[in-house]
Amino acid sequence: MTLHPTRQTLPAGDDLYGIYRTMVLYDFQKEIHAGFFVSYYRNFAIPSIARTLAGRTEMRERPMKRSYDTGIVIHEIIANGFDSDRGQAMTALLRRVHQGVPGSAEDFMYVLMTLLVLPLRWIDQHGWRKATPLEEEAAVAFYTELGRRMGLDQAPATLADAGDFLDDYEARHLGPSPEGAELLGATVAALKNRLARPLRPFTGVILALMMDKPEVAVALGLKPAPSVLRACYNAVLLFRAVSARSIPLPTEPSFVPGKVGVSVYPNGYTLDQIGPR
């Protein structure tokens, strides 16, 4: 079996945003998608953030739309770039929806760091190969710039620093809450819809398995998966990663702006449909 090489013909070393775009849309499609999914649910395990989210009518009344919109916003920026019309529209949306939202600067930075750290940890643990130092640098550069455009303080300078920040924050703040349980119940259909029909009754178990720390599952109100089940789950992901090494890299992007075949937007979407009313 021949391991297909790291894609080196794409953006040059100094085009960090282009490198990150390639990671997300092509080379690590499934890994980063899974990492983004984990990061979305991670916020429900922080009581202060869960209370803030539960207080937003969009999350309670239209949980599926809120879930898909979150992914669309970040992918629009990644696919089109910060300075494109679509990228600027999405960063403006992020600033607008976060205006007046209660929470400390540390809370907002934590949310940003989940998007950086957790997908790269998924790649490290379950990817068809490890991310290169240049790819890690590209991911850090992207979220540093996103944080700057949202008015946040300087993000951690390296992936290791970002991981330390996330782990320290979670050690101090992880915990169950009524709001977190409410949000989980309202949005778990987003995961159920992505699973094969025979697996849907086990959505909660699968979600617990996706979390890299048992205490996160507990904070979400889920039962930590038994060790034998986790071993089977990891074996399945390992088999998938090994198999992927002999498959050509995707030539079609995982995301095309305006076109997502999901129940919320079955015929695609326009930017004015994204975000709360």
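This is a predicted model: local features need pLDDT of at least 70, side-chain atom pairs count only at pLDDT 80 or more; totals for chains, interfaces and linings use all residues.
Author: Residues are numbered from 1 along each chain as its sequence is written, and side-chain values use heavy atoms, with hydrogens and water left out.

Reader: What makes Tyr20 and Tyr143 an edge-to-face pair?

Author: Rings of Phe, Tyr and Trp (its six-membered ring) pair if their centres lie within 6.5 Å; planes under 30 degrees apart count as stacked, over 60 as edge-to-face and the rest as tilted. The centres of Tyr20 and Tyr143 are 5.6 Å apart and their planes stand at 80°, so the pair is edge-to-face.

Reader: Where in the chain do Tyr20 and Tyr143 lie?

Author: Tyr20 is in helix α1 (residues 16–27) and Tyr143 in helix α8 (residues 133–149), 123 residues apart.

Reader: Why are Tyr20 and Tyr143 called buried?

Author: Buried means under 20% relative accessible area, exposed over 50%, and partly exposed in between (1.4 Å probe, protein chains only). Tyr20 has 3%, so Tyr20 is buried. Tyr143 has 0%, so Tyr143 is buried too.

Reader: Why is the pair of Tyr265 and Tyr269 called tilted?

Author: The ring centres of Tyr265 and Tyr269 are 5.8 Å apart and the planes are at 55°, so the pair is tilted. Tyr265 is buried at 4%. Tyr269 is buried at 6%.

Reader: How many aromatic pairs are there in the whole structure, and which residues do ring pairs link into a cluster?

Author: The search finds 14 aromatic pairs. Ring pairs link Tyr17, Tyr20, Phe82, Phe142 and Tyr143 into a cluster.

Reader: What makes a nonpolar core, and which residues touch the most other members of the largest one?

Author: A nonpolar core is a set of buried Ala, Val, Leu, Ile, Met, Phe, Trp, Tyr and Cys residues joined through side-chain atoms within 4.5 Å. The largest has 86 residues; Tyr20, Phe36, Tyr41, Leu116, Phe142, Tyr143 and Leu146 touch the most other members. Helix α7 (residues 105–126) gives the most to this core, with 11 residues. In soluble globular proteins, nonpolar side chains tend to be buried together.

Reader: Which residues is Leu146 in contact with?

Author: Contact means heavy atoms within 4.5 Å. Leaving aside neighbours within four places in sequence, Leu146 is in contact with Ile74, Ile77, Phe82, Thr91, Leu94 and Leu112.

Reader: How do you know that Asp27 and Arg129 form a salt bridge?

Author: A salt bridge is a side-chain nitrogen of Lys or Arg within 4 Å of a carboxyl oxygen of Asp or Glu. The closest N and O atoms of Asp27 and Arg129 are 3.9 Å apart, and the pair forms a salt bridge. Asp27 is in helix α1 and Arg129 in the loop between α7 and α8, 102 residues apart. Asp27 is buried at 5%. Arg129 is buried at 10%.

Reader: What is the N to O distance for Arg172 and Glu106?

Author: The distance is 2.4 Å, and the side chains meet in a salt bridge. Arg172 lies in helix α9 (residues 159–173) and Glu106 in helix α7, so the pair ties together parts 66 residues apart in sequence.

Reader: Why are Arg172 and Glu106 called partly exposed?

Author: Arg172 has 43%, so Arg172 is partly exposed. Glu106 has 29%, so Glu106 is partly exposed. Salt bridges that share partners join Arg42, Arg121, Asp167, Glu170, Asp212 and Lys213 into one network.

Reader: How many salt bridges does the rule give?

Author: The count comes to 17 salt bridges. One of them joins Asp83 and Arg149, with the closest N and O atoms 2.9 Å apart.

Reader: Is Asp83 buried or exposed?

Author: Asp83 has 56% relative accessibility, so Asp83 counts as exposed.

Reader: What makes helix α11 mostly covered?

Author: Six of the eight residues of α11 (residues 203–210) are buried. They are Thr203, Ile206, Leu207, Ala208, Leu209 and Met210.

Definitions and conventions: Helices (H or I, at least four residues) and strands (E, at least two) are DSSP runs, numbered from the N terminus.
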